[in-house]
Amino acid sequence: MDTLRGNGVRMDSIVSILLLVVFSTVSAQIRYSIPEEMRKGHFVGDVAKDLGLDVKRLVSGRARLVVDDNNQYVALNQNKGHIVVFERIDREKMCAKKSPCSFSLEIVLEDPLELFSITIEIQDVNDHAPAFPKKEINLNISESMPTGTVFLLDSAVDPDVGVNSLQSYSLKANKYFVLKPHTRADGSKYAEMMLQTGLDREEQSQHTFVLTAVDGGEPQRSGTVKIHVTVLDANDNGPVFTQSTYKASVLENVLRGAVIARVSAVDLDQGYNGNVTYFFTHIGDDSPCPFDINAHTGEVKLAGDIDYEITPYYEINLQAKDPWGVAGASKLVIEIIDVNDNRPVITLASYSGKISEDSAPGTVVALIGVQDKDSDKNGQVHLSIDGNLPFTIKSSLRNYYTLITQHDLDREKCSEYNITLTATDEGVPALLSSKTVFLEVTDVNDNPPAFSQSIFNTQLLENNSPGVSVLRLHATDRDQGQNARISYFLVDSEISGHPASSYFSINTESGVIQALRSLDYEQTKYYTIHVKAQDGGSPPLSSNVTVKILIQDQNDNPPQVLYPVQTGGSVVGEMVPRSADVGYLVSKVVAVDVDSGQNAWLSYKLQKVPDRALFEVGLQNGEIRTIRQVTDKDPVNQKLTVIVEDNGQPSRSATVIVNVAVADSFSEVLSEFTDFKHDKEYNDNLTFYLVLALAVVSFLFITCLVVIISVKIYRWRQSRILYHSGLPVIPYYPPRYSDTLGTATLPHVYNYEMCRTTDSRKSDCKFNFAGSQNMSIMEPSSRGSTMQRLQSEKNILDEPDSPLEQKPPNNDWRFTQGQRPGPSGATGGPEVAMGTGPWPQPPTEAEQLQALMAAANEVSEATATLGPGTMGLSTRYSPQFTLQHVPDYRQNVYIPGSTATLTSNPQQQQATAQQATQQALPPPQATAQVEPPKAAQTPASKKKSAKKEKK
């Protein structure tokens with residue numbers, strides 16, 4: 001087709017020649033001949049010229065083509081009078097094997113009606129090659145087939161006709177077959193193949209030949225077909241494996257069912273005789289085989305799990321058998337290829353989880369072990385961490401790494417790290433595993449406490465209460481725990497020559513500054529102290545801050561008047577002449593206020609201003625001026641009370657008295673002021689003395705009343721203690737009253753003692769009488785009622801069960817002659833020494849009164865002489881009792897219940913004893929009328945007697 005189109009010029013010339021020939025021979029019919037497969041619009045013939053018609057006639061006659069069938073292969077061009085190809089023409093489709101191949105059409109003209117017949121012959125073009133009906137011809141020939149046997153082959157088909165149709169067959173030369181061509185009666189050709197040499201299937205079971213069919217066109221075309229000859233077998237051979245050892249490799253992660261290898265055994269026989277089955281042999285039960293073989297195909301598939309880390313390869317025996325039991329053997333070696341199917345395993349061989357923030361770079365944090373079960377590159381592992389951390393990984397030993405610090409650590413910036421360890425192998429694709437470890441950075445005291453500002457300013461109102469909170473300081477420490485525990489201290493400094501700690505204190509825990517005293521703005525306007533904040537680290541770190549305390553003023557000071565000065569001697573203040581005009585400046589009150597601000601703003605005003613006031617004071621300047629003319633009715637002496645008041649809240653004030661004299665001469669003023677002063681001072685002094693006298697009288701009355709009540713209560717308590725306490729009484733005898741007469745002793749024995757109990761801490765005096773005589777307890781102040789009390793007590797003693805009756809002494813109170821201390825002359829006769837002498841006679845009332853008066857003066861001296869515990873119970877009742885602890889008062893001592901008189905002078909013991917036996921007291925009835933002798937006067941008694949004479 002393409003060749004034909006390429007020769008278009010040559011074909012046009014051929015058509016022109018044919019048209020000329022037809023036109024010359026047949027005048028009534030036009031015949032055109034064109035080759036097939038012409039392109040659309042190709043020129044076929046010039047109808048107008050060939051028919052002798054004008055082109056205008058074709059147009060005016062509306063010339064048209066009339067076709068017999070529906071296919072319009074050509075078209076008429078009226079403007080040129082040409083017939084052109086309208087549709088591609090396929091001769092084989094139009095006429096098949098018919099020859100020649102043509103079609104007819106008519107040209108119709110109108111006005112007048114004319115009809116012209118045209119025949120167009122389609123010439124064959126060799127546009128088809130011979131083609132076999134099948135692509136391959138398969139022949140099955142037994143290897144025992146005899147030679148000379150003929151095999152009919154399929155014929156080729158060529159749609160072209162004439163020379164362009166099939167002309168011959170050819171077969172590729174071989175030693176087994178030859179080709180024999182034949183021609184049928186219709187002229188078609190076919191071929192046969194004849195066996196000329198015997199076949200051997202074991203030598204060659206398949207034979208392939210190429211049969212070629214060729215046409216006669218120009219250019220020549222051909223078609224081919226393959227002839228496959230299969231040599232059928234005869235059973236004369238056994239199976240034989242293609243390899244003595246099969247080798248295969250498989251990845252360890254291959255899925256079950258995957259074909260691992262394909263083994264093949266060859267049996268030269270064919271058909272049933274050539275059927276081969278495959279088996280595994282010598283497989284132990286202890287090691288199950290993870291593979292399976294197809295008995296018919298020889299495919300080895302994975303039937304179980306394989307793991308390179310467990311078994312790196314397998315060696316399996318193979319066997320192939322034909323149906324008659326003839327077998328062949330071989331061996332299959334399967335190598336397991338390692339796959340990167342194991343992730344690295346990270347283990348911490350040594351790790352504490354903590355590191356100090358002052359650790360130097362290069363400090364080992366952890367020892368890390370990494371394992372990978374894979375082999376070769378799949379088992380080569382690299383350990384890494386995030387590059388933003390201050391740590392790095394260093395290879396130590398095989399499969400071991402150390403995690404070390406790379407930079408300095410700072411807990412305050414980062415107190416903990418989450419370190420992600422990533423282990424990556426070199427497999428494809430690479431597997432990795434990660435492990436996160438928590439590392440805590442322990443604190444080191446490397447940060448001092450810090451305040452939010454270097455200077456703190458605060459305000460405090462003056463006159464504060466001691467202990468008031470001034471300011472709360474707060475410092476922060478970036479450290480942790482004990483290192484961040486902050487204590488606050490005042491730095492030693494002085495304020496006005498005194499330590500700052502005397503003004504302020506600070507709570508060491510809370511940082512609250514407190515004022516220790518009341519502060520005064522007028523003394524100090526502000527205070528500057530320094531506070532130190534110290535942490536609890538070792539060694540501790542500290543920082544200082546300055547605190548400036550501004551004292552706020554309070555209105556706590558009244559105004560102070562500087563002028564006029566108020567003194568006692570200054571009476572006349574200012575003098576105003578009677579001729580003074582309105583606005584005359586009398587005086588000016590000058591005052592100041594030590595407060596500040598509005599508390600020091602002063603205002604002045606007069607107190608009790610009368611209706612017709614003569615003066616006024618300036619509100620702001622304190623100037624006293626006249627507000628009207630002076631008249632005769634105005635008094636000479638005028639007293640102006642000026643109130644100076646500040647502007648504080650609440651306000652404070654001061655008053656000043658300004659004496660103003662309205663007079664023209666000083667003498668008039670002086671006389672007036674002198675009288676006024678005298679009267680005033682007299683009245684003031686009288687009032688003062690009256691008030692003072694009233695106060696003194698009231699005080700004295702209350703004091704006397706309290707003293708009397710106290711004395712009464714005291715005496716009542718002493719009497720209760722003496723009679724009802726039941727405590728032992730230690731007698732004490734005052735000194736210097738044993739010698740009253742000329743012999744230096746009383747005519748009768750008076751026994752008076754000072755009794756001291758262990759709990760009263762007080763002393764009383766009492767008389768003891770001999771035998772069954774009454775015993776009176778005397779008080780120094782009861783002089784006038786002595787006889788009456790003695791008589792009343794005598795009635796009590798007369799009762800048989802009276803507790804005051806003297807009883808005879810027992811032997812425990814006896815003293816030997818050597819043990820009896822006392823004054824000289826106290827030694828008694830034999831009966832006195834033995835304790836069997838007579839009891840002393842009771843004294844007369846006069847003698848008792850005289851002795852009582854002397855005893856009252858001296859009892860205090862005796863009481864002060866004895867120390868606490870002297871003559872106590874322990875010494876009194878001790879068998880080794882002596883009077884060495886009793887001071888020597890040079891007097892006679894009487895022991896109750898005994899007739900012995902103790903004296904401290906051994907030489908006087910005998911004289912005293914004799915005098916005691918010679919002098920006997922008269923009976924109580926007789927002594928009542930006898931005047932008592934005068935006793936020797938002591939210095940105290942002389943003073944009392946002198947006072948009595950004066951009274």
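The model is predicted, so local features need pLDDT of at least 70 and side-chain atom pairs count only at pLDDT 80 or more, while totals for chains, interfaces and linings use all residues. Residues are numbered from 1 along each chain as its sequence is written, and side-chain values use heavy atoms, with hydrogens and water left out.

Select residues 189-195, strand E12 (strands are DSSP runs of at least two residues, helices H or I runs of at least four, numbered from the N terminus). Five of its seven residues are buried, so E12 is largely enclosed by the rest of the structure; buried means under 20% relative accessible area, exposed over 50%, and partly exposed in between, with a 1.4 Å probe and protein chains only.

Pro 181 stands opposite Ala 191 in E12. Between the strands of this hairpin lie five residues, and Gly 187 takes a positive phi near 95°. Next, show strand E9, residues 150-152, joined to E12 by three antiparallel bridges; Phe 151 faces Met 193 of E12.

Move to the open four-stranded sheet ordered E16-E23-E22-E19, with mixed pairing. E16 (245-251) and E19 (277-281) are at the edges, each with a single partner strand, so one side of each lacks a neighbour in the sheet. E19 and E22 (residues 313-321) pair antiparallel over five bridges, with Leu 318 in E22 as the bridge partner of Phe 280.

Finally, select Phe 699 in helix H6, residues 666-724. Phe 699 is exposed, with a relative accessible area of 55%.

Note on methods: Pairing = 2+ DSSP bridges.
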